[in-house]
Amino acid sequence: MSAVPALGEENDNEIANKYPGYRLAFSDEFDSGDKPNPDVWGYEHGFCRNHEKQYYTENNAIVRDGNLIIEARKERIENDAYVPMSSDWRTKDRYAEYTSSSIIAKDPYRFNQGIYEVRAKIPVGTGYWPAIWSCGSKFEWPYNGEIDVMEYYGDAIHANVAWGGNKKWDARWNSKAPRMSTFDNDFADKYHVWRMEWTNESIKIYVDDRMLNDIDLDQTVNGNPQSEYFNLDGYNPYRDPEQLHGVWLNLALGGDNGGPLSDTPFPAQYYVDYVRVYVPADLH
């Protein structure tokens, strides 16, 4: 695969022909408008998962100077899902104390095997949990498959793939998480290119051409969830061409993995320069 170019070195032809045997099926360079294109991107709203502290809104995602900027803020906002006396963490509080954004590529901008590239600059520090990830469009998690091209938390960069185990909502994981001490000291000050290469044999995840994880897809076979409404025993979500993944970009805070927010600086920005997806040239 080709080396990561410096910003400004690629022209349209070089971008389109970057990977021999692949064609550029999707790109968003975030170079027009002031919000993510609503025809391409959908938003999550409110409290969503992992007991995270941020309340997702559309207001925290803007487009400026050729970047998508997802900004996490320490600000009070009313929880429109609030239910008095609720025991559910998503609905029990009248207010949230933090906001952020989470955007997901819509149909028809969802794909299967190919090469996915995202150039981004992420906030690094306790409390932050930025991610580039995706889940399949068929079946419940984790039997649809989850690919974490990038997660940052716990002073490490994570590269993970998940698939179904033997119980409902019980995932099997192949995870690698190199510590930040193995990267340059100025990592948080620079843009980096995360790349995921997904073939029928493997999923390989890189940052700046450094391989973070190499997952053999012979192992990503779902167990039997012992469910009456479906039985996916033996099903491999990464070898089903109908299992489509849309790039997902979000900046979470705290929760199960992000860490405490008591000393976390705000506002915090997650910059995305571009998202590109290449698919095999013979795929139409």
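Cysteine 48 counts as buried in this predicted model, at 18% relative accessibility, where buried means under 20% relative accessible area, exposed over 50% and partly exposed in between, with a 1.4 Å probe and protein chains only. Cysteine 135 is buried too, with a relative accessible area of 12%. As the model is predicted, local features need pLDDT of at least 70 and side-chain atom pairs count only at pLDDT 80 or more, while totals for chains, interfaces and linings use all residues. Residues are numbered from 1 along each chain as its sequence is written, and side-chain values use heavy atoms, with hydrogens and water left out.

A disulfide is taken as a pair of cysteine sulfur atoms within 2.5 Å, and by this rule the count comes to zero. The closest cysteine sulfur to that of cysteine 48 belongs to cysteine 135, but at 12 Å it is too far for a bond. Seen from the other end, cysteine 135 likewise has its closest cysteine sulfur in cysteine 48, 12 Å away and too far for a bond.

Most residues other than glycine have a negative phi, and most peptide bonds are trans. The peptide bond from aspartate 107 to proline 108 is cis, with omega near 5 degrees; proline 108 sits in the loop between strand E7 (102-105) and strand E8 (114-121). Here strands (E, at least two residues) and helices (H or I, at least four) are DSSP runs, numbered from the N terminus. A cis bond also leads from tryptophan 141 to proline 142, with omega near 5 degrees, and proline 142 is found in the loop between strand E9 (128-135) and strand E10 (146-153).

Positive phi values turn up in loops as well. Histidine 51, although not a glycine, has a phi of about 55 degrees; it lies between strand E2 (41-43) and strand E3 (54-56) and is partly exposed at 43% relative accessibility. Aspartate 209, also not a glycine, has a positive phi of about 70 degrees. The loop that holds aspartate 209 runs between strand E14 (202-207) and strand E15 (210-216), and at 31% relative accessibility this residue counts as partly exposed.

Seven strands form an open sheet in the order E2-E7-E16-E9-E10-E11-E12, with antiparallel pairing; two strands pair if DSSP finds at least two bridges between them. E2 and strand E12 (171-176) stand at the edges with a single partner strand each, so one side of each is left without a neighbour in the sheet. On average, neighbouring strands of this sheet are turned by 25 degrees against each other, direction ignored, with axes fitted as lines to C-alpha atoms and angles running from 0 to 180 degrees between N-to-C directions. The antiparallel strands E9 and E10 are joined by five bridges, and isoleucine 132 has methionine 150 in E10 as its bridge partner.

The largest pocket is lined by 23 residues, of which Arg49, Asn50, Trp133, Trp141 and Glu146 lie nearest its centre. A pocket is an open set of points on a 1 Å grid over the protein atoms alone, where a 1.4 Å probe fits, with protein on both sides within 12 Å along at least five of seven lines; lining residues have an atom within 4 Å of a point. E9, E10, E12, strand E16 (248-253) and helix H2 (255-258) each supply at least two residues of this lining.
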